[in-house]
Amino acid sequence: MVEVTVTPRSSLADRPVRVRVRGLCPSQLVTLRARLKDEHGERFQSRAFFRADGSGEVDPGSQAALGGSYSGVWPMGLFWFLQPDTLFHRLVKRDVAGSPFLVRLEVLDGLWLGTEPQEQPLGWCEAERWYVGPGVQRVPVREGRVRGALFLPP
């Protein structure tokens, strides 16, 4: 059974996480895919191709991606290289305090290039990426022509 893990599962968006895949065959070629829907329902995704090590594991933090959205060793590459399915859309979080982005991480057998795979993923997990930490207070700012928000730590 293939297991995909992200540690920690819930974190602030600017904090690094560790992605690991276990349970693959040694030297198996796989595609790791990250995807999310923004608050307007627009889909964003990234993918990277990996060859499992001799233990049947993939660790993007220490193994180089062979291609896809990026190549080389990028521990956070699946998150940093998210691209919209529809051109000219930007990934913007409006409700920063109320909900996280939910990023689904999947591992697919072989090199997958299409927008939707024809088969089920070998394994998957979901990561929460928050933009405001617990206890942070958001204070709207409206002074003259200045508009913004002040975030106060707990």
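1. A quick term before anything else: a nonpolar core here is a set of buried Ala, Val, Leu, Ile, Met, Phe, Trp, Tyr and Cys residues joined through side-chain atoms within 4.5 Å. Keep in mind, too, that this is a predicted model.

2. With that in hand, the largest nonpolar core comes to 28 residues. Val21, Leu32, Phe50, Val58 and Leu105 are the ones with the most contacts inside this core. Two or more core residues come from each of β1 (3–7), β3 (18–22), β4 (29–37), β5 (43–51), α1 (77–80), β8 (101–109) and β9 (123–130). As background, nonpolar side chains in soluble globular proteins tend to be buried together.

3. Phe50 is worth a click. Setting aside neighbours within four places in sequence, Phe50 is in contact with Gln28, Leu29, Val30 and Leu32, among others.

4. Now the overall layout. The protein has one helix and eleven strands, and reading along the sequence gives β-β-β-β-β-β-α-β-β-β-β-β. Taken along the principal axes, the C-alpha atoms fill a box of roughly 60 × 35 × 25 Å. Buried residues account for 37% of the 154 residues. If you take contacts between residues at least 6 apart in sequence, 54% of them join residues at least 24 apart.

5. Gln45 is a polar residue to look at in strand β5. Its relative accessible area is 8%, so Gln45 is buried, the cut-off being under 20%. The side chain of Gln45 makes a polar contact with the side chain of Arg33, at 3.3 Å.

6. Last, Arg147, which sits in strand β11 (residues 146–152). Arg147 counts as exposed because its relative accessibility is 54%, and exposed means over 50%. Not counting residues up to four places away in sequence, Arg147 touches Val141 and Arg142. The Arg147 side chain also reaches the backbone oxygen of Gly144, at 2.8 Å.

Technical notes
Residues are numbered from 1 along each chain as its sequence is written. This is a predicted model: local features need pLDDT of at least 70, side-chain atom pairs count only at pLDDT 80 or more; totals for chains, interfaces and linings use all residues. Side-chain values use heavy atoms; hydrogens and water are left out. Helices (H or I, at least four residues) and strands (E, at least two) are DSSP runs, numbered from the N terminus. Buried means under 20% relative accessible area, exposed over 50%, partly exposed in between (1.4 Å probe, protein chains only). Contact means heavy atoms within 4.5 Å. A polar contact is a pair of N or O atoms within 3.5 Å; within protein, one must be able to donate a hydrogen and the other to accept it, and residues adjacent in sequence count only if both atoms are side-chain atoms.
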